[in-house]
Amino acid sequence: MILLRRVIGDALRARRQGQQRTLREVSTAANVSLGYLSEIERGHKEPSSELLAAICDALGARLSELLREVSDTVALAEQMPGVLVSMQDEPADAAAKSTNRGVRQVTSDGKVAVSVRQESPLKATLRSTRVRPTERDRDVVCAA
């Protein structure tokens, strides 16, 4: 099962870190407590639509961009069978593609590679990377 609040938190954190801004800077700009913003980024709290809009504004991002990114991440996770299986149940061919303990490459189409880090039976982190990155491309990391 994918936790939407985790995917939203990961997307917000990636944008903030991409701008090399601190939690304090963004929380002040969004008028939200630093602790609460931290909990949102970690996926422990689910922000209201008003708060999410304020955080996006503080990051200089459109709410629609963030929601599109989250939607694309969720859609990708839904299309990948077996993403959230425990490592013991992992098929042999997937285990052969493992890059290090708990991480396995799920798919690559020559342009984008997707890997999964299974941290527990109910928690996985997906990472998509461009095989041939350009200036406008960025890595997308999400957790479920």
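I looked up Ile55 in this predicted model and found that Ile55 touches Leu12, Val26, Ala30, Leu37 and Ile40 (heavy atoms within 4.5 Å), leaving aside residues up to four places away in sequence. I noted that residues are numbered from 1 along each chain as its sequence is written. Local features need pLDDT of at least 70, side-chain atom pairs count only at pLDDT 80 or more, totals for chains, interfaces and linings use all residues, and side-chain values use heavy atoms, with hydrogens and water left out.

Of its 19 residues, Leu12, Val26, Leu37, Ile55, Leu66 and Val70 touch the most other members. The largest share, 6 residues, comes from α4.

I then checked salt bridges (a side-chain nitrogen of Lys or Arg within 4 Å of a carboxyl oxygen of Asp or Glu) and found 4. Arg13 pairs with Glu41, with the closest N and O atoms 3.1 Å apart. Arg13 lies in α1 and Glu41 in α3, so the pair ties together parts that are 28 residues apart in sequence. Glu41 is buried at 2% relative accessible area. Arg13, Arg16 and Glu41 form a network of salt bridges.

I also recorded the salt bridge between Glu69 and Arg15, at 3.2 Å from N to O. Glu69 is in α5 and Arg15 in α1, 54 residues apart. Both Glu69 and Arg15 are buried.

Key:
Core = buried A, V, L, I, M, F, W, Y, C linked by side-chain atoms within 4.5 Å. Buried < 20%, exposed > 50% of the residue type's maximum accessible area, 1.4 Å probe, protein only. Helix = DSSP H or I, 4+ residues; strand = E, 2+ residues; numbered from the N terminus.
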